[in-house]
Amino acid sequence: MHELSIVMSIVDLANQEVQKADATHVETIELEIGTLSGVEMEALDFAWQSSISGTVLENAERIVHRPEGMAKCSQCNHTFATESYFDPCPHCGEFYNEIIRGKELRVKTLTLVSD
Ligand SMILES: [Zn+2]
């Protein structure tokens, strides 16, 4: 499952940061997961719940930002909201568009605490 490996790498990253900062666990984790990132939020939640037990993220508050998809037309440079990679430009009908927002999949901030 794709989402499980995402959660595993988030746990890895959190572990590294906690070690680097000489902290004990994560208080808050802020994630940015764009609506075009291909991540299923339900699957992510499930993977999250089953993976964080006993880790530095166990009691962390999780905040998820979901940037909406935005594309830029390669023909007329019009920018528009989009829910898929294959929406045509509403201005000129061009299908070759560059996704400029919505593919985000990253940890935005980690707030660490030491007991
Ligand atoms: Zn266009």
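The exercises below go through a predicted model, one topic at a time.

**Exercise 1. Work out the strand order of the open sheet, and say which strands stand at its edges.**

Step 1: Start with the order. Three strands make up this open sheet, arranged β4-β3-β5, and they pair in the antiparallel sense.

Step 2: Now look for the edges. β4 (79-81) and β5 (97-101) each have a single partner strand, so one side of each has no neighbour in the sheet. On average, the twist from one strand to the next is 35°.

Step 3: Check each pairing. Strand β3, residues 70-73, joins β4 through three bridges, and Lys 72 sits opposite Thr 79 there. Between β3 and β5 there are four bridges, with Cys 73 facing Asn 97.

Step 4: Follow the chain from β3 to β4. The two strands form a hairpin with five residues between them, and Asn 77 in the turn has a positive phi of about 65°.

**Exercise 2. Sort the residues of β3 by the face they belong to: covered or uncovered?**

Step 1: Pick out the covered face, which holds Ala 71 and Cys 73.

Step 2: That leaves Met 70 and Lys 72 on the uncovered face.

Step 3: Cys 73 has a relative accessible area of 1%, and the cut-off for buried is under 20%, so Cys 73 is buried.

**Exercise 3. Find which residues coordinate the zinc ion, and explain why the arrangement is tetrahedral.**

Step 1: Read their spacing along the sequence: C-x2-C-x12-C-x2-C.

Step 2: See what gets linked. Cys 73 belongs to strand β3 while Cys 92 is in the loop between β4 and β5, so this pair ties together parts that are 19 residues apart in sequence.

Step 3: Turn to the angles. The ideal value for four tetrahedral donors is 109.5 degrees. Around the zinc ion, the four donor atoms subtend 102 to 115°, and that is what makes the arrangement tetrahedral.

Step 4: Cys 73 is buried at 1%, whereas Cys 92 is partly exposed, with a relative accessible area of 38%.

**Exercise 4. Decide how accessible Ser 37 is, and find out what it is in contact with.**

Step 1: Locate Ser 37 in the loop between β1 (25-33) and α2 (41-51).

Step 2: Its relative accessibility is 17%, and under 20% means buried, so Ser 37 counts as buried.

Step 3: Look close by in sequence. The side chain of Ser 37 reaches the backbone oxygen of Gly 34 at 2.7 Å.

Step 4: Then skip the neighbours within four places in sequence: Ser 37 is in contact with Gly 102, Lys 103 and Glu 104.

Note on methods:
Residues are numbered from 1 along each chain as its sequence is written. This is a predicted model: local features need pLDDT of at least 70, side-chain atom pairs count only at pLDDT 80 or more; totals for chains, interfaces and linings use all residues. Side-chain values use heavy atoms; hydrogens and water are left out. Two strands pair if DSSP finds at least two bridges between them. Axes are lines fitted to C-alpha atoms, for helices over the stretch in contact, and angles run from 0 to 180 degrees between N-to-C directions. Donors are N, O and S atoms within 2.8 Å of the metal (3.2 Å for Na, K and Ca); water is not among the atoms, so sites may look incomplete. Four donors count as tetrahedral if all angles lie between 85 and 135 degrees; four count as square planar and six as octahedral if opposite donors are over 155 degrees apart and all others between 65 and 115; anything else is irregular. Buried means under 20% relative accessible area, exposed over 50%, partly exposed in between (1.4 Å probe, protein chains only). A polar contact is a pair of N or O atoms within 3.5 Å; within protein, one must be able to donate a hydrogen and the other to accept it, and residues adjacent in sequence count only if both atoms are side-chain atoms. Contact means heavy atoms within 4.5 Å.
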